[in-house]
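Hi everyone, thanks for coming.

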Amino acid sequence: MTEFWLISAPGEKTCQQAWDKMMIATTRNNSLSTNNKFNIPDLKVGTLDVLVGLSDELAKLDSFVEGVVKKVAQYMADVLEDSRDKVQENLLANGVDLVTYITRFQWDMAKYPIKQSLKNISEIISKQVTQIDNDLKARASAYNNLKGNLQNLERKNAGSLLTRSLADIVKKDDFVLDSEYLVTMLVVVPKISYADWQKTYETLSEMVVPRSTNLLFEDQESGLFSVTLFRKAIDDFRHKARENKFTVREFQYNEEEMKADKEEMTRLSTDKKKQFGPLVRWLKVNFSEAFIAWIHIKALRVFVESVLRYGLPVNFQAMLLQPNRKNVKRLREVLYDLYKHLDSSAASIIDAAMDIPGLNLSQQEYYPYVYYKIDCNLLEFK
């Protein structure tokens with residue numbers, strides 16, 4: 001289960017005591033969770049008014065940055081197409097897997113200097129992640145256009161003989177070219193009708209050149225036949241062919257156009273390969289940046305909320321719990337018993353929520369201790 005609960009409790013005489021108590025409650029007689037201390041440095045507290053305002057801003061910033069983290073991860077999965085099993089190994093933070101990064105979290109002093117105010121730090125993160133979001137939109141749009149154009153061309157070169165491009169099937173020798181009177185037409189004939197075609201094609205209209213048909217290509221259902229006739233008989237021939245369930249393909253042999261199509265496909269394919277490597281590298285780097293920013297926001301939120309709830313001087317222990325999947329409910333109960341003395345109203349909020357229809361607790365989870373969830377399941381495989 002790659003879900004973490006980031007909680008905090010007020011330090012007693014020391015923060016270590018708060019940690020020991022929680023450890024005894026959740027691991028001594030039962031393995032409800034795997035726990036780590038979560039190190040938050042001494043940040044600048046500022047005034048109460050600023051903290052209250054910041055609490056709301058950080059909540060919005062948290063969900064915005066989580067959204068960007070998920071977008072980058074999902075786009076990585078889309079770009080890696082056939083190697084989706086490789087996605088997870090590319091989703092790293094600071095060069096390590098996400099669980100390791102979170103459980104060994106260290107504040108990045110260089111990126112987010114703690115001499116700055118909390119508001120400044122949150123603005124640094126907001127600017128940084130907004131830039132990643134904008135860059136992602138631009139890069140994804142360019143790459144998706146390229147990929148879409150290539151797929152359209154590939155689609156034209158696949159599919160049944162009724163719809164696919166014929167440029168890579170026919171050759172110059174298959175056609176009577178530069179004749180004032182004669183023209184070569186291409187007809188798709190179902191395999192079960194080959195014998196009918198051979199029997200009837202010369203009589204479908206007047207002016208068909210005898211013995212002029214050749215089978216040029218076959219797929220599973222049909223064959224592509226050439227036939228030569230006089231230009232003035234084209235409409236009549238097309239009409240009679242349709243009555244006999246033979247399909248005349250509109251096609252004019254044009255070497256320049258066919259060459260241009262092939263070159264376009266080669267160019268798009270080469271461009272896609274060229275862009276693939278740098279794009280994956282950009283996604284890796286910026287996933288890491290966005291994820292790191294996200295966990296720093298969680299740290300800021302724990303700090304701000306702990307000061308608002310537990311008061312000054314700053315004295316709380318932040319703790320990271322990875323719940324054991326089978327014991328989530330029991331873990332909630334144990335934590336509630338351990339911390340209910342911190343806020344008696346939490347019990348009534350939770351009880352009242354059961355009675356108030358439409359109050360969605362999952363949207364606004366409230367506990368007597370500071371609590372934020374970190375969910376590392378970032379991908380939705382389509």
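Let's start with a question: in which strand is Phe230 found? The answer is β5, which covers residues 222-230. Please keep in mind that this is a predicted model. Phe230 has a relative accessible area of 33%, so we call this residue partly exposed. Together with Tyr181 and Met207, Phe230 makes a nonpolar surface patch of about 300 Å².

Now to the ring pairs. The structure holds 17 aromatic pairs. One of them joins Trp197 and Phe246, edge-to-face, with 5.2 Å centre to centre and 90° between the planes. Why does this pair tie together parts that are 49 residues apart in sequence? Because Trp197 lies in helix α6, residues 194-200, while Phe246 belongs to the loop between α7 (234-243) and β6 (247-249). And are these two buried or exposed? Trp197 is buried, at a relative accessible area of 0%, and Phe246 counts as buried too, at 3%.

Another edge-to-face pair is Tyr367 with Tyr371: 5.2 Å centre to centre and 80° between the planes. Both of these tyrosines, Tyr367 and Tyr371, are buried.

Tyr367 also brings us to a charge. The charged end of Arg332 sits over the ring of Tyr367, 4.0 Å from its centre. That charged end of Arg332 sits over the ring of Trp5 as well, 3.8 Å from the centre of that ring.

Last stop: which residues form one aromatic cluster? They are Phe38, Tyr101, Phe105, Phe287, Phe291 and Trp294.

Notes
Residues are numbered from 1 along each chain as its sequence is written. This is a predicted model: local features need pLDDT of at least 70, side-chain atom pairs count only at pLDDT 80 or more; totals for chains, interfaces and linings use all residues. Side-chain values use heavy atoms; hydrogens and water are left out. Patches are made of residues with over 30% relative accessible area and no salt bridge: like charges are joined within 9 Å, nonpolar side chains (Val, Leu, Ile, Met, Phe, Trp, Tyr) within 5 Å. Accessible areas come from the Shrake-Rupley method with a 1.4 Å probe; for residues, only the protein chains shown count as cover. A salt bridge is a side-chain nitrogen of Lys or Arg within 4 Å of a carboxyl oxygen of Asp or Glu. Helices (H or I, at least four residues) and strands (E, at least two) are DSSP runs, numbered from the N terminus. Buried means under 20% relative accessible area, exposed over 50%, partly exposed in between (1.4 Å probe, protein chains only). Rings of Phe, Tyr and Trp (its six-membered ring) pair if their centres lie within 6.5 Å; planes under 30 degrees apart count as stacked, over 60 as edge-to-face and the rest as tilted. A charge sits over a ring if NZ of Lys or CZ of Arg is within 6 Å of the ring centre and within 35 degrees of the ring normal.
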